[in-house]
Amino acid sequence: MRLLICAAALAASLNVVVAEDRPAGPSLKVVWSVDKGLAVPESAHLDPETGFLFVSNIDGEGAKKDGNGYISKLTPQGEVIAAKWATGLDAPKGLRSAKGKLWISDIDQVVSISLADGKIVDRIAIEGAKFLNDVAAGPDGTVYVSDMPESKIYAISGGKATLFAEGEQLESPNGLLVDGDRLLLAAWGYAADFMPKTPGRLLSLDLKTKQVTPITKTPTGNLDGIELDGRGGYVVTDWAAGKVFHISASGEARVVGQFAKGTADHAYLPKEKLLILPQMMENRVVAYELAP
């Protein structure tokens, strides 16, 4: 019952209808699965410095300031170190670590947490933000965060947030990932109400010129997570359709996994060929064997 309530509440905040059936499609081999202590997990991120896996838990509605949100700490093997490693959040979503901190999007602010002890270091409010989603970090320490319905990206440096890019050409960016001199955008599809008429594409944004270049040439899906596959391609999720794509460097998209609605912001470990996938509507994180 609690699962259905959480799923319905989150879907309501996103204006999305929850499907009860699980579509048929390509299946992946399960390596491990965790549901204990998780509540509407949205993002999974493996910190390369500490070697730990961090998972954001909304535990309620995606845009409600209820104080329920928290971060879980796990091993890459699925062992829960601390279900509520960090608390004091509302609806945490995107995660990315940089320079000893875990950066987290939380509705209209970005929160940094010390990786050493799980304590909140800073809260950076972003004026006018509507629904901050994913977080990315550059090698210089700049943190980027997407405001999906507003089709904006903010940059945080020196404790201050500034508008970095905006416009329909960003196609309501959801997932973000810095890759060299470009910022990869997993786009939801441009819409101010979460219900785009045209699905989004995988895009590349030049960090210097801010020029946007499509990687997938045609609409691909309501895209969420984006990670490199270690071979020049990408592993991308479609939240609404429950799909996991492998997208080649040339932009060819192939479905490699099909699940229920709510496949969210994943982690991918190329050496281990391991996809760590939050399944929001089912309150669990599952690791799958995936060799693109």
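**A loop residue and its setting**

Reply: E168 touches S151 and Y190, leaving aside residues up to four places away in sequence. Touching here is contact, meaning heavy atoms within 4.5 Å. This is a predicted model: local features need pLDDT of at least 70, side-chain atom pairs count only at pLDDT 80 or more, and totals for chains, interfaces and linings use all residues. Residues are numbered from 1 along each chain as its sequence is written, and side-chain values use heavy atoms, with hydrogens and water left out.

Where does E168 sit? Its place is the loop between β13 (160-166) and β14 (173-179). Strands are DSSP runs of E with at least two residues, helices are runs of H or I with at least four, and both are numbered from the N terminus. E168 and K152 are 16 residues apart in sequence. In space, their C-alpha atoms are 8.9 Å apart.

Is E168 buried or exposed? E168 counts as exposed because its relative accessibility is 54%. The cut-offs are under 20% relative accessible area for buried and over 50% for exposed, with partly exposed in between (1.4 Å probe, protein chains only).

Now compare some other loops. N283 lies in the loop between β23 (274-279) and β24 (284-289). N283 has 9% relative accessibility, so it counts as buried. The N283 side chain reaches the backbone nitrogen of V40 at 2.9 Å.

K210 is in the loop between β16 (202-206) and β17 (212-214). K210 has a relative accessible area of 38%, so it is partly exposed. Its phi is near 65°, a positive value in a residue other than glycine. K273 lies in the loop between β22 (267-269) and β23. K273 is not a glycine, yet its phi is positive, about 55°. K273 is partly exposed because its relative accessible area is 41%.

Step back to the whole chain. The protein chain has one helix and 24 strands. Its C-alpha atoms fill a box of roughly 45 × 45 × 35 Å along the principal axes. Of its 292 residues, 59% are buried. Take contacts between residues at least 6 apart in sequence: 45% of them join residues at least 24 apart.

Definitions and conventions: A polar contact is a pair of N or O atoms within 3.5 Å; within protein, one must be able to donate a hydrogen and the other to accept it, and residues adjacent in sequence count only if both atoms are side-chain atoms.
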